[in-house]
Amino acid sequence: MTTTTTTTPAKKRYKIGTRGASGRYPVTVDDKPSGDIHRFHGEWYARPHGHTNESRHADRHAAAQHLVTLVDSGDVDPNAPAAAESADVGGVVPWLSGRMQPTRRNIISAGIALARVAELAWTPQDENGATAPYPGSDNPWDLTCGLCGKTVKRWWSHLRGRNGDPTPRPAYRHKGCIDFEDQAAKVAALIGEPPTACPCHETDHPTTAEDVDRLLNLAERARRADDTDALRPLLAQLLGPCPASSARAESMKTFLPQPKPKN
Ligand SMILES: [Zn+2]
Ligand SMILES: [Zn+2]
């Protein structure tokens, strides 16, 4: 027989607010600002008020509870100025979030996403014109619409379509864009027929599977050696904007894990 100790559950001292534009939820502890939490790739991160470092937790409540611990230990000063809202910069290159390790798999995901948004006439940039790095599929991505110039937040998990159908869900671009019935024709006119070989002068972007694989292997070696200087030009080749980015992405797709054949 199991003996259960019944304790009155302590009243929760934290409150999780509504999600802000950057995807972070403000948290108060004892009604004082104590930091924020956000979800990234299925896990929750807590950032104490006035700090830029983050810690990883299993769920939102564990993340918020961690801030309570920091308040009690004196690590959070509710009167400290808020940390700058730029935690997502600092990647090795501007096209991959600094929050995503430049692993082979993440580079491939980013390369495919970057090519597809270009095909759909979106530019990954925020309203100030700064490049918005690929944030992973489940995080908001600042994309500027090539049809009307508006910057909106979209999720790659929606844009990529599903079950082999690449049509974005929902199919409409965003509120306030040009008329829906004119969108497809305007995208086609903007994109035209993309080249299959890289025409760039400064950077030689790969388009064949062989070249993609070679560069991915070099990038993996540089990442494991923590050699950022070697990694940067490789990532520029693999992820930098290129008129032939669709051909590059098609080659990258050949290195995705193959779906299991149906019996
Ligand atoms: Zn638009
Ligand atoms: Zn190129």
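In this predicted model, the axes of helix 2 (residues 104-119) and helix 7 (residues 245-253) come within 9 Å of each other and cross at roughly 145°, where axes are lines fitted to C-alpha atoms, for helices over the stretch in contact, and angles run from 0 to 180 degrees between N-to-C directions. Helices (H or I, at least four residues) and strands (E, at least two) are DSSP runs, numbered from the N terminus. The crossing of helix 2 with helix 7 is left-handed, a term used if the near helix is turned anticlockwise from the far one by less than a right angle. Among the residues of helix 2 that meet helix 7 are I108, G111 and I112, and those on the side of helix 7 include S245, A249 and M252, contact being counted if the C-beta atoms of two residues, placed from the backbone, lie within 7 Å.

Helix 5 and helix 6 form another packed pair, with an angle of about 150° between them, which makes helix 5 roughly antiparallel to helix 6, a description kept for angles over 145 degrees. This crossing, too, is left-handed, and its contact includes L215, L218 and A222 of helix 5 together with L231, L234 and L238 of helix 6.

| Helix pair | Residues | Axis distance |
|---|---|---|
| Helix 2 and helix 7 | 104-119 and 245-253 | within 9 Å |
| Helix 5 and helix 6 | 209-224 and 228-239 | 9 Å |

The residues of the contact of helix 2 with helix 7 divide into 7 nonpolar, 3 polar and 4 charged, while those of helix 5 with helix 6 divide into 10 nonpolar, 1 polar and 1 charged. Here Ala, Val, Leu, Ile, Met, Phe, Trp, Tyr, Cys and Pro count as nonpolar, Asp, Glu, Lys and Arg as charged, and the others, Gly among them, as polar.

The model also contains an open sheet of 5 strands in the order 1-2-3-4-5, with antiparallel pairing, two strands being paired if DSSP finds at least two bridges between them. Strand 1 (14-16) and strand 5 (55-57) stand at the edges with a single partner strand each, so one side of each has no neighbour in the sheet. Strand 4 (residues 43-48) pairs with strand 5 over 3 bridges, and Y45 stands opposite R56 in strand 5. Helix 1 (residues 60-72) lies across strands 1 to 5, running at about 20° to strand 4.

The chain is divided into domain 1 (14-72) and domain 2 (104-253), with bounds that come from an automatic or database domain assignment, and 31 Å separate their centres, taken over C-alpha atoms.

Residues are numbered from 1 along each chain as its sequence is written, while chains are lettered from A and ligands numbered from 1 in the order in which they are written. Because the model is predicted, local features need pLDDT of at least 70 and side-chain atom pairs count only at pLDDT 80 or more, whereas totals for chains, interfaces and linings use all residues.

How values were computed:
Parallel < 35°, antiparallel > 145°, perpendicular 65-115°, else oblique.
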